[in-house]
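This report describes one protein model, from a single residue up to the whole chain. Please keep the structure in view while reading.

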Amino acid sequence: MKIALLYVDAGKGHITPAKALSDAFEELGHTTVVDNLLLEVCNAPVVNWISKYNWRTLLHFPRLEKFINPRSDSHANAKRIRFLATHSHGPKDFKRWYDKNRPDCIVVAHFLGANLIKPIVDHLELDIPVFEYSTDVFFTPNTGISGDLDKLYICTELGRELTIAQGQPEETISICPFPLKKAMRNLKTLSKSEARKKLGLKDTFTVLLNLGGEGIGKTDFLEEVKGRGLDWQVIAVGTLSKSTTIRYNRFKEKHPDFALHTPGFVDNIQDYIFASDVQAGKAGANALMESLYLKRPFLVSHLLYAAL
């Protein structure tokens, strides 16, 4: 079977699960194609740009994000998306992509699977199921609700209950595990001391501060630790954005004795989780589920709309 995994470039929270699902399907003997839903499938570079940079802007301003996203996430906007999906160049460009790839089913790791991709597939009268994977763990946006979906997958009972309350037909919802990266599933367990020695860290209380795929964050958590006089070691992972780099450099200059490590983006995040006593950061699905999988508590330092 050939399976298409589609994502939207709005942070690593969608592309990482799509790639993890691809790895899992290929291990089972299927073939996959992983594509950007807006850019490569629907040929909408302007919408892709807006989606990408709108999300990054809101990450810089969590209070603004909690004001804007609840108001834009509505059933009315879902209806508008459905209309634009079939009254634009979307069907023509989707058909071009479909004829090239010919998948047997489509899995969308983003809420646009419900009211963008499924309406286009139905409009073209294609005999292919469309599945949506709700990557927000406990929540599905209102713009991701649709009774026409062949199946909506989510990984928690709470998420299932909330999604039903939002209007998703119960019979279309299934609970399944959160897709973790292959490296996370096939790993060697390390003790805290072993992991710290491997990474060249002190063997002391350690906080892993996860700034996400965009590397966006402030120093308020660091200031709190310093202000309380806590002898902690903090590791901030993620390729720091320009503004975050400036903030962190200022903090280091102000507190040169503070044990702050900034290794950037790492491909061995499991070692850093093993080395930590607690992981902290925005409630991003990947970081949260990796912490749960490796049995580390997660401190939500910035609460975004999807996790509220």
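Is Glu 125 buried or exposed? Glu 125 is exposed, because its relative accessible area is 73%; exposed means over 50% relative accessible area, buried means under 20%, and partly exposed lies in between (1.4 Å probe, protein chains only). This is a predicted model, in which local features need pLDDT of at least 70 and side-chain atom pairs count only at pLDDT 80 or more, while totals for chains, interfaces and linings use all residues. Residues are numbered from 1 along each chain as its sequence is written, and side-chain values use heavy atoms, with hydrogens and water left out.

**Overall form**

The protein has 14 helices and 11 strands. These elements are DSSP runs numbered from the N terminus, with helices (H or I) of at least four residues and strands (E) of at least two. The radius of gyration is 21 Å, close to the 19 Å that the globule rule gives for 308 residues, so the protein is as compact as a globular protein of that length. The radius is taken over C-alpha atoms, and the rule is 2.2 Å times the number of residues to the power 0.38. Along the principal axes, the C-alpha trace spans about 65 × 40 × 35 Å.

Buried residues make up 51% of the 308 in the protein. Among contacts (heavy atoms within 4.5 Å) with a separation of 6 or more, 66% are between residues 24 or more positions apart. The protein exposes about 15000 Å², and carbon and sulfur atoms supply 55% of that area. Accessible areas come from the Shrake-Rupley method with a 1.4 Å probe; for residues, only the protein chains shown count as cover.

**Positive phi angles**

Glu 125 sits in the loop between α7 (112-123) and β4 (130-133). Although Glu 125 is not a glycine, its phi is positive, at about 55 degrees. Asn 43 is also not a glycine and has a positive phi, of about 50 degrees. Its place is the loop between α2 (37-41) and α3, and Asn 43 counts as partly exposed because its relative accessible area is 37%. A further positive phi, near 60 degrees, belongs to Lys 295, which follows α14.

**A covered helix**

How many of the 9 residues of helix α14 are buried? In α14 (residues 285-293), 7 of the 9 are buried, and the helix is mostly covered. Among the buried residues are Leu 288, Met 289 and Glu 290. Their cover includes α1 (12-27), α9 (182-185), β7 (206-210), α13, β10 and β11 (298-302).

**Salt bridges**

The structure holds 17 salt bridges. A salt bridge is a side-chain nitrogen of Lys or Arg within 4 Å of a carboxyl oxygen of Asp or Glu. The table lists some of them.

| Pair | Closest N to O distance |
|---|---|
| Asp 99 and Arg 102 | 3.2 Å |
| Lys 192 and Asp 277 | 2.7 Å |

Salt bridges that share partners join Lys 192, Arg 196, Asp 203 and Asp 277 into one network. Lys 192 itself is partly exposed, because its relative accessible area is 32%. In the Asp 99 and Arg 102 pair, Asp 99 is partly exposed at 35% relative accessibility, and Arg 102 is partly exposed at 48%.

**A surface patch and a buried threonine**

Val 46, Trp 49, Ile 50 and Tyr 53 make a nonpolar surface patch of about 440 Å². Patches are made of residues with over 30% relative accessible area and no salt bridge; like charges are joined within 9 Å, and nonpolar side chains (Val, Leu, Ile, Met, Phe, Trp, Tyr) within 5 Å. Val 46 lies in helix α3 (residues 45-60) and counts as exposed, at 59% relative accessibility.

Why does Thr 172 count as buried? Thr 172 counts as buried because its relative accessibility is 8%. Thr 172 is placed in the loop between α8 (157-165) and β6 (173-175). Leaving aside residues up to four places away in sequence, Thr 172 touches Gly 147, Leu 149, Lys 151 and Leu 152.
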